[in-house]
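Hi,

Here is the model I promised to pass on.

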Amino acid sequence: MSKDSDNLRVKPANMPAGGWGSVGEVAHILFDQRTALKDAPLLARQNKPDGYACVSCAWAKPANPHPFEFCESGAKATAWETTSKRLEPAFFERHTVTELEAWGDHELEDLGRLTVPLRWDAASDKYRPVGWDTAFAEIGAALRAMEREQVVFYSSGRASLETSYMYSLLARMYGNNNLPDSSNMCHESTSVGLQKSIGDGVGTVVLDDFAQTDCIFFFGQNVGVNSPRMLHQLQEARRRGVPIVTFNPLRERGLVSFTNPQSPVEMLTRHETVISTDYLQVKPGGDTAAIMGLCKTVFALDDAAVAAGEPRVLDTVFIMEHTHGFAEFEASVRACEWSAIERESGLTRAALESAGAVYARAGAVLGVYGMGLTQHRNGVQNVEMIVNLLLLRGNIGKPGAGVCPVRGHSNVQGQRTVGITEKPELAPLDKLKEQYGFEPPREKGMNTVEACEAILARKVPAFVGLGGNFLRAVPETVLMEAAWREIPLTVQIATKLNRNHIVHGKASYVLPCLGRIEVDRQAGGEQSVTVEDSTACIHGSRGMAEPAAHTLLSEPAIVAGIAKATLDPNPKLDWDAWVADYGRIREAIAETYPDIFHDFNARMWTPGGFRKPVGAAHRVWKTESGKAQFGVPEALAGDPDLQPRENTLRLFTVRSDGQFNTTIYSRDDRFRGVYGSRMVLFMHRADMATRALAPGDAVTLSCAAEDGVVRRVEGLVLVPYDIPPGTIAGYYPECNPLIPLWHHAKDSKVPAAKAIDVRIERSGQLSGGAQ
Ligand SMILES: Nc1nc2c(c(=O)[nH]1)N[C@H]1C(S)=C(S)[C@@H](COP(=O)(O)OP(=O)(O)OC[C@H]3O[C@@H](n4cnc5c(=O)[nH]c(N)nc54)[C@H](O)[C@@H]3O)O[C@H]1N2
Ligand SMILES: Nc1nc2c(c(=O)[nH]1)N[C@H]1C(S)=C(S)[C@@H](COP(=O)(O)OP(=O)(O)OC[C@H]3O[C@@H](n4cnc5c(=O)[nH]c(N)nc54)[C@H](O)[C@@H]3O)O[C@H]1N2
Ligand SMILES: [Mo]
């Protein structure tokens with residue numbers, strides 16, 4: 001196999017997000033996955049009130065959708081799931097599992113959809129077909145014999161509310177709260193930070209707020225790639241003259257300009273809407289400092305208004321009535337020096353004052369953010385800082401204003417709503433006890449980082465994965481892979497083959513499931529499921545494509561199969577009846593959570609979804625003080641424990657438009673002008689020059705942490721880029737071997753994937769075109 005970097009091509013990237021490039025990309029992947037003819041009508045049903053919820057991102061689905069409510073990323077995800085490629089068992093006869101370890105993430109998933117349950121055979125080192133009943137019986141017998149407190153039930157955020165509810169019951173009836181999910185690597189900093197500051201762990205904003213806002217502050221989220229449908233709202237806001245102020249170390253194309261690929265006029269005239277009116281290339285980890293600068297500006301403008309006898313800039317009535325901790329926060333802002341703010345944020349005082357003035361002038365402001373804030377040592381504090389900024393002018397709980405975390409997986413927020421959580425206090429345990437007549441475990445379970453620690457300590461006897469690619473997504477790849485091979489039992493419920501199936505436990509099963517886009521036929525007829533979007537709206541989703549194979553089971557059927565083989569029969573819970581008719585699972589969910597899910601079956605098809613109650617959106621604060629809480633930042637530095645040492649660079653990991661997390665559709669990153677290889681590092685020319693490095697050089701990165709563990713990634717090729725000096729960007733998951741497991745957000749334990757101190761060493765010069 002040739003090295004990826006041999007195929008690298010670098011070209012200028014100056015096209016808008018959307019536009020003709022996007023149309024070309026969609027046509028290409030539909031063709032490549034051989035889905036062109038059958039999928040065009042399918043895409044028209046995506047994110048429609050009576051259609052299926054896209055399996056890509058979690059962005060809100062409007063009540064009055066555009067004729068085509070899909071985007072380039074959504075079309076790619078649909079093509080990837082409904083591909084006509086199949087991974088038949090005969091493939092495994094030709095390849096040992098060890099041999100497949102050399103395959104890349106793209107090659108593994110590109111084999112196509114898994115079709116039959118597989119069991120690893122140690123003697124031949126091959127995955128071999130196994131009957132569903134045998135697989136369930138063997139898994140059940142093994143789980144029954146294990147130390148129950150240590151078994152882990154992971155979920156990736158795609159599975160429906162119905163499946164997730166069943167899965168969380170399976171874990172709790174089995175005997176633990178070990179329900180880590182992808183959210184632990186993602187927006188857990190939001191769940192912790194917003195819960196503490198506004199009393200709800202989710203955002204307060206709905207789509208209508210975008211239509212009513214006067215100003216948008218946008219932090220660390222790459223909208224053009226990761227939630228492109230939001231570009232419609234941003235474009236409409238821009239047409240109304242709404243300023244969008246963006247904080248991002250990289251000038252991401254989707255945040256710079258957008259051509260709506262669904263508007264014939266825009267396409268023909270090549271019209272571009274400028275998205276960000278102000279673009280601040282903050283240093284990774286510098287957002288707390290930057291927001292301090294904005295708040296300092298608000299105080300200064302307020303002082304000036306008071307002196308001049310003009311109306312206040314602070315919303316003093318709101319602050320008095322609705323908030324707690326203002327005086328301490330004000331003191332910390334006033335005490336904070338501009339020199340420290342400039343140093344930590346990498347931004348000038350003038351730039352921050354000008355952005356702060358935009359904020360102070362606007363009536364209603366939205367604070368939008370993503371992984372650029374949450375995946376830091378101070379990720380929770382970053383989230384609290386956004387809330388602080390909004391509270392100063394009463395920007396929560398009024399139309400056009402609020403906090404808007406952009407969630408990742410299409411149902412990651414919903415999984416938390418129906419009980420997937422390692423925190424027992426967040427699950428209605430007493431209610432479950434009453435409903436199902438069992439004693440739910442009360443001890444805290446493991447989150448993702450804690451599950452990794454237990455796996456490294458060889459304490460986990462079994463790992464069950466409901467979707468995802470845990471091992472590839474977590475930090476500390478090298479140590480984790482070694483430990484993983486010693487887990488006695490690994491069970492993965494999945495649609496496609498991935499690294500986490502190839503590096504497996506001593507006994508290993510891969511159980512293939514239907515995807516959400518596929519028709520789900522059960523004894524009670526065709527079934528639908530539900531998901532919750534980023535704005536806490538809950539939608540029905542009906543599969544429309546023919547299943548990839550008649551041998552697949554649905555996720556609810558697989559969870560029920562494992563549950564029946566593992567748990568003692570329970571007269572109050574008929575797993576088979578649930579699988580026959582998912583309406584009955586929804587009735588059970590409604591019984592557990594009546595405030596959220598009353599009349600669930602009737603309301604699930606509400607156009608635009610029905611909203612989960614979010615108190616903070618109505619200024620009802622379910623915090624300790626009963627008010628919204630100002631939080632005083634502990635430190636301005638992005639990473640107080642990894643202070644840049646001599647000659648280190650700060651690496652942050654990003655996604656390309658050719659991937660969905662560890663699913664790599666292609667090695668191209670159209671928006672950053674890199675083609676054919678993901679083994680690249682984006683670096684400032686000045687940083688290259690001071691290190692006698694040049695574009696096209698091959699380098700090795702090693703983590704600067706001095707804890708005795710060697711963490712290296714070799715064969716990365718330098719690409720010159722407009723990036724803050726002293727910082728470099730590389731791709732996730734290729735750079736995950738560089739992240740120490742202990743390098744995570746305080747309080748939320750989200751791995752700090754956006755600030756990793758590394759050293760760089762030249763290892764060669766490429767002949768190719770990375771110049
Ligand atoms: N097509 C596609 N869609 C996706 C995904 C995908 O992989 N592909 N993944 C899904 C998932 S699970 C998630 S969580 C979301 C992720 O979506 P995002 O939240 O957009 O996550 P990232 O792509 O990791 O990029 C975050 C952005 O933050 C910037 N950034 C990095 N460090 C900092 C910092 O310190 N401060 C600031 N202000 N900015 C910073 C980066 O330059 C980048 O533009 O997308 C979801 N949607
Ligand atoms: N360095 C670094 N690391 C990161 C991040 C980062 O930005 N930087 N981001 C983090 C974030 S935000 C997240 S959310 C995690 C993602 O971590 P995960 O959610 O664990 O990973 P995914 O890549 O989304 O999982 C892909 C796999 O899911 C399976 N799959 C796809 N569809 C379905 C389905 O319908 N049902 C089932 N059962 N399986 C399905 C397929 O087999 C596919 O191979 O990674 C985290 N890791
Ligand atoms: Mo995520």
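How do the residues of the shell around ligand 1 divide into nonpolar, polar and charged? They split into 12 nonpolar, 14 polar and four charged, where Ala, Val, Leu, Ile, Met, Phe, Trp, Tyr, Cys and Pro count as nonpolar, Asp, Glu, Lys and Arg as charged, and the others, Gly among them, as polar.

Before the rest, some housekeeping. This is a predicted model, so local features need pLDDT of at least 70 and side-chain atom pairs count only at pLDDT 80 or more, while totals for chains, interfaces and linings use all residues. Residues are numbered from 1 along each chain as its sequence is written, chains are lettered from A and ligands numbered from 1 in the order in which they are written, and side-chain values use heavy atoms, with hydrogens and water left out.

Ligand 1

There are 30 residues around ligand 1, and E252, G285, D287, Q659 and N661 come nearest (a residue is near if one of its heavy atoms lies within 4 Å). A nitrogen atom of ligand 1 sits 2.7 Å from a polar backbone atom of Q659. For F247, a backbone N or O atom is 3.0 Å from a nitrogen atom of ligand 1, and for G220 the corresponding distance is 3.4 Å. On its own ligand 1 has 910 Å² of accessible area, and the protein covers 99% of that (Shrake-Rupley method, 1.4 Å probe; for residues, only the protein chains shown count as cover). The elements giving two or more residues to this shell are α11 (223-226), α20 (371-374), β24 (649-654) and β25 (659-660) (DSSP runs numbered from the N terminus: helices are H or I with at least four residues, strands E with at least two).

Ligand 2

Around ligand 2 there are 32 residues, with E109, Y154, E555, T662 and Y732 coming nearest. By class, they are 12 nonpolar, 14 polar and six charged. A polar side-chain atom of T662 is 2.6 Å from an oxygen atom of ligand 2, and the side chain of H409 has an N or O atom 2.8 Å from an oxygen atom of ligand 2. A polar backbone atom of I493 lies 3.1 Å from a nitrogen atom of ligand 2. Taken alone, ligand 2 exposes 930 Å², of which the protein buries 96%. Ligand 2 lies between domain 1 (109-181 + 430-598) and domain 2 (649-765) because both give residues to its shell (the bounds come from an automatic or database domain assignment).

The two domains

The C-alpha centres of domain 1 and domain 2 are 32 Å apart. Each domain puts 16 residues into the contact (heavy atoms within 4.5 Å). Together they bury about 1400 Å², 58% of it on carbon and sulfur atoms (the accessible area, 1.4 Å probe, that two parts lose on being put together, summed over both).

Most residues other than glycine have a negative phi, and most peptide bonds are trans. The Y732 to P733 bond is cis, with omega near 5°; P733 is in the loop between β31 (727-731) and β32 (756-765). R619 has a positive phi of about 60°.

Cheers

Terms used: Polar contact = N/O pair within 3.5 Å; in protein donor to acceptor, adjacent residues only side chain to side chain.
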